[in-house]
Amino acid sequence: MSTRTDKIDELSARAADDAGVSLAAAAWRRLRRNPVFLAGAGIIVLFVVLAAAAPWLAPHDPSVPMLGDQVVKARNQIPAVQDGHPLGGDQNGRDLLSRLLLGSQQTLLVGVFATLIGLGGGLLLGTLAGALGGWVDTVVMRAVDVMLSIPGLLLAVSIGALFAQPNQYTVILAVAIVQIPIFARLLRGTMLAQRHSDHVLAARSLGVKQRAIVFRHMLPNSLGPVIVQATLVLAIAIIEAAALSFLGLGNPDDRIPEWGQMLGQAQTVIDSHPQLAFWPAGCIIVVALGFTLVGESLREALDPKSRR
Amino acid sequence: MVHIRTVRLAALGISAALVMTACAESERGDDDGQSGGGQTGGTMTFATEGAPKLFDPFYATDGATFRTSQQIFEGLVEFKPGTADAEPGLAEKWESSEDGKTWTFNLRKGVKFHDGTDFNAEAVCFNFNRWYNQTGAGQSPAVTGYWQDNFGGFADGKTPSLYESCAATDESTVELKVTRSTSKLPDILGLPSWAMQSPEALQKYKADEVVAQGDSFVYPEYATEHPTGTGPFKFSKYDEANGTVELVRNEDYWGEPAKLDKLIFRAIPDETARKQALEAGDIDGYDLPGPADWEGLKSAGHQLLIRPAFNIFYLGIGQKNVAQLRDLKVRQAIAHAIDREALVKQQLPEGAEVAENFYPDTVTGWTDEVESYDYNPDKAKQLLTEAGAQNLTVNIYWPTEVTRPYMPSPRDLFGLIQGNLEAVGIKLTVVSKPWNGGYLEDVDSGKADLFLLGWNGDYNTPDNFVGNFFSDPNNRFGTGNSPWGATLSDEIKAADSEPDADKREQMYVELNKKLKSEYLPAVPISHSPPALVVTKDVSGLVASPLTDERFDTVSIASS
Amino acid sequence: MLRYTIRRLLQLLVVVLVLSLLLFAWLRSLPGGPVSALLGERATAETRERLTEELGLNEPIFVQYLKFVGRALTGDFGVSTGVQPGDSAAEIFVQRFPATLELSILAIVIALAVGIPLGYLAARRRGGILDNLSVVSSLIGVAVPVFFLAFLLKQVFAVDLGWFPTAGRQAGGIDATRVTGFFVLDGLLTQEWDAAWDALRHLILPAIALASIPFSVVFRITRASVLDVVDEDYVRTAESKGLTSPVIRRRHVMRNAMLPVVTTIGLQTGALLAGAVLTEKVFAFPGIGQALALGFERRDYPVLLLLILCAAGVFVLINLLVDLSYAVIDPRIRTRGVR
């Protein structure tokens, strides 16, 4: 266990090293000139704008099989590229372009909510453990260790499979729960490191209440590593949601499109209609790459070593 | 018949010899291949969805076991290749008494089991008595489900049984007595479960020692390693680590021996993986190609063998919870709302048909004089208004994580039906659950108002379909909640017990008409043919509506 | 050291016990399960109820759990209802574990064989074309879903080109003797060369797909640690002493850079196992991963319970081994390790 947790602890230690504005400012200065970061950020901005504007950009309703009469399963026939449908239709005669565009919304939702829930749960557990210490710390961290003892995707898949009635929320939950222990460990680490740092000791000697110390001093200083982790988790969540769909544990209702689900469903026709798989796969890869690029360059920027 | 796990490092010493024999064998296979098709020799590998659970067909309920056991075993009755019609098997002929309660079978002579013992009248009765005298875990519905479906109870008399006694009147004559007349005989005896097994092997390998352990059942050595029948192939080995079952030709077969030297069934669970294995030449054929692949497989030069559709897909209507569904007009409105023609055309494979009765037209009693309920949304709305059910709100169940031969893609079929129903103003609460993760359970316990389900036929009698669906009024349709539910049960039982074939057929015709016009407990939608595919080198395989393909007539030209 | 090891092993035991209770309770509270799996669409409300009673599934969950633990202590973890119906879960694990291990080992070997030299070269020519190219491709590697990569590899190299088999561990017609369960090793031991070669060919494509997971990590760690090490004083000293580049590479840079790589491999076992679920499904490779995927699909609870427990156990155990070996290699860690 401890090797994996070491990696998280290492990240959390960085926040405590030299906290505050100077670090953020220095990091930003380096990031501004980093092409890797800029490329990643560009992809993310484009993705978010597309998702937000999708309802206006999409030429058709993605849930209506308007080309349904061109579908013949018996001859493996799906609607071809035609006027008004620049990418053709999917297996059920729905407009592929519209599905891709609106799919970005669901994919963004899955990523963001999975990260937020993971972060929220981790925040709660990590703050409890880190701020209170003692037996609370022991109990919480043992629970976290149990969760960390199952490989991430496997845990997500297990959780996804265990819902009696899978839907889009169970997918988000399955991916999110896996992130909770990671964030918890991360936050607890940064808090522990800060408990004995100068600014916290100073605040305490001035008679500032425990709660105020936690929320005004410890938490803000933990932000750096949390943001790094959150960016990486966004990418992981999108890929893991696709994996869940591939294993048949995704949202069974496909009226609201989602890229991972589209890719999962296209697996059986990949040789005859490769476009059904390649479009969503391409989108997933590009977006995941965007978040990974930003996350990695943030990690590097916050790393004191790289400032040498 | 050496079991894999018993082979240890000792094999090292003789491995050189093994390699040499292996080479010799493969060369022989090549030579045979050059003289053209239809000859003996060679190995065929056929990929299936699952590996067999066990090899004793009596305890089995899974298709993978039956596919294997049908090559190893034979029953008194067999099904004519390519049909669901009974023909002589190990019994050359049979006749029943006037009252349908005594059946006399004249057995084929000179037949031997794979262990060299004789097949005779005593062996037949040994088998019947083995089935009838199950105790303990052997009485669990999970172990002997087919016996309980077909014959009812056991020797302990807790539940009435159809079976009464079996007597060997001479070496090759069997007299089977049953407690009442039934339309199911003699056809049921063609089911894989009622195949004849060697009494000596059954006793030697303790075939009846099935035990419940934990949450499931553990089967005896006989069922896992020593199945012994009379069929054209003998069990050779089961390589569990690789998911392959190997059968070899029975050289002493009473009829024409099998053409293949070796027949290998290989489990490849994923449909796409099966297709790619065929395209890459790793296997010689596979079961259940997805309807969307049919065209592609044919144009790639493979042979697509379409089984005659012997199934039914229906939209079930549960009358237990929503009172409005007990109104015939509401059920008729639902029937009118569904565009079955479009569904069959768009979603189902070539050869699929709109269903008018609850079973296909190859079964006795099928009639086209039933009320058809053509697609008519206006009529549906009007019927709903007449019934005062304009605001009908019901739940509708559809299964995930499953495909069935009658239901190739539940999600897409559901999508169409949902659209149809919403178009006439029915409000739907959609419930999707995993097939094994709550779907069947909820549907069986009557929680579903509307649901997608179907049935694959086992044998050619109407009772196999309508009897299974409706004979118990406490069924998944909740027919017992309507006054006619009990009447329907009685009518089904009466038809089944009628010994006179002509009268029986007439009774089923009447039943089918009433089922559509007066009862309508579900909307029959389609019959859809499953298929199997083999390479162009394979010949002699006949697709069976019962998935009962025999590989003894198959030959392979090695390319 | 010994006390530390014992403490960690006890911790492992606790983790497995707690996990088993949680998993068991969750699995049992779900609908469907063994009864649906055993009866299928032939079930009626009546047979369902009978079977539930026969299998003791109507008893309180705690009682069921204690019974399960009692049986588990004798090595009986229940019988599969969906993956290989009728086989015991333990048997399925024993049969399939070698397959996944074989696959994972080859995947790690591939990842190391490509990742380490590439990482070293990239670091030595930091900022060069090779460096930038390989950094970006390693990041892309993270972003491509494993199952999609597996699908592409299979379509191109197995179906279209026909260089490799598409599915399984061994071709049907080959008469192989099973000794250890590791098919390649078996073929070598029994000198059935055709069987060994055939088994290896079945491994290559899935192993490449699986290797994409550890590859990018191995590459990045190697690159980073080589960068760290070349900056260290002893390397500068060595250079100033006039030692030639290959000697420095061998003696100083690589040895010290390898420590983080060893750790990384340990960290990757979990990801590999998860990746195996996806890869083995695509290649119909009968290992633990396929059993898990099928188990989820067919709701085979006994198999899922055992396999998830074993996966967690193996994962934790390997991490422990890595920690220990790390402590042996680098004395500085020992004090830190004994927290």
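This is a predicted model: local features need pLDDT of at least 70, side-chain atom pairs count only at pLDDT 80 or more; totals for chains, interfaces and linings use all residues.
Residues are numbered from 1 along each chain as its sequence is written, while chains are lettered from A and ligands numbered from 1 in the order in which they are written.

**Confidence**
- The predictor assigns the complex an ipTM of 0.81 and a pTM of 0.79.
- Residues 333-339 of chain C fall below 50 in pLDDT. Beyond near neighbours in sequence, this stretch has seven contacts in the model. Two residues are in contact if their C-beta atoms, placed from the backbone, lie within 7 Å.

**Two annotated spans**
- Helices (H or I, at least four residues) and strands (E, at least two) are DSSP runs, numbered from the N terminus.
- Residues 103-123 of chain C are 100% helix and 0% strand, with end C-alpha atoms 29 Å apart.
- Residues 135-153 of chain C are 89% helix and 0% strand, and their end C-alpha atoms lie 22 Å apart.

**Chain C against chain A**
- Here 36 residues of chain C contact 38 residues of chain A.
- H11(C) provides the largest share of the chain C side, nine residues.
- That side has 29 nonpolar, five polar and two charged residues. Ala, Val, Leu, Ile, Met, Phe, Trp, Tyr, Cys and Pro count as nonpolar, Asp, Glu, Lys and Arg as charged, and the others, Gly among them, as polar.

**Chain C against chain B**
- Here 60 residues of chain C contact 59 residues of chain B.
- H3(C) gives the most to the chain C side, with six residues.
- By class, that side holds 23 nonpolar, 20 polar and 17 charged residues.

**Domains of chain C**
- Domain 1 covers 2-72, and domain 2 covers 96-227 + 255-337. The bounds come from an automatic or database domain assignment.
- The domain centres, taken over C-alpha atoms, are 31 Å apart.
- Each domain brings 15 residues to the contact between them.
- On the domain 1 side, H1(C) contributes the largest share, eleven residues.
- That domain 1 side comprises ten nonpolar, four polar and one charged residue.

Methods
pLDDT is the predictor's confidence in each residue, from 0 to 100.
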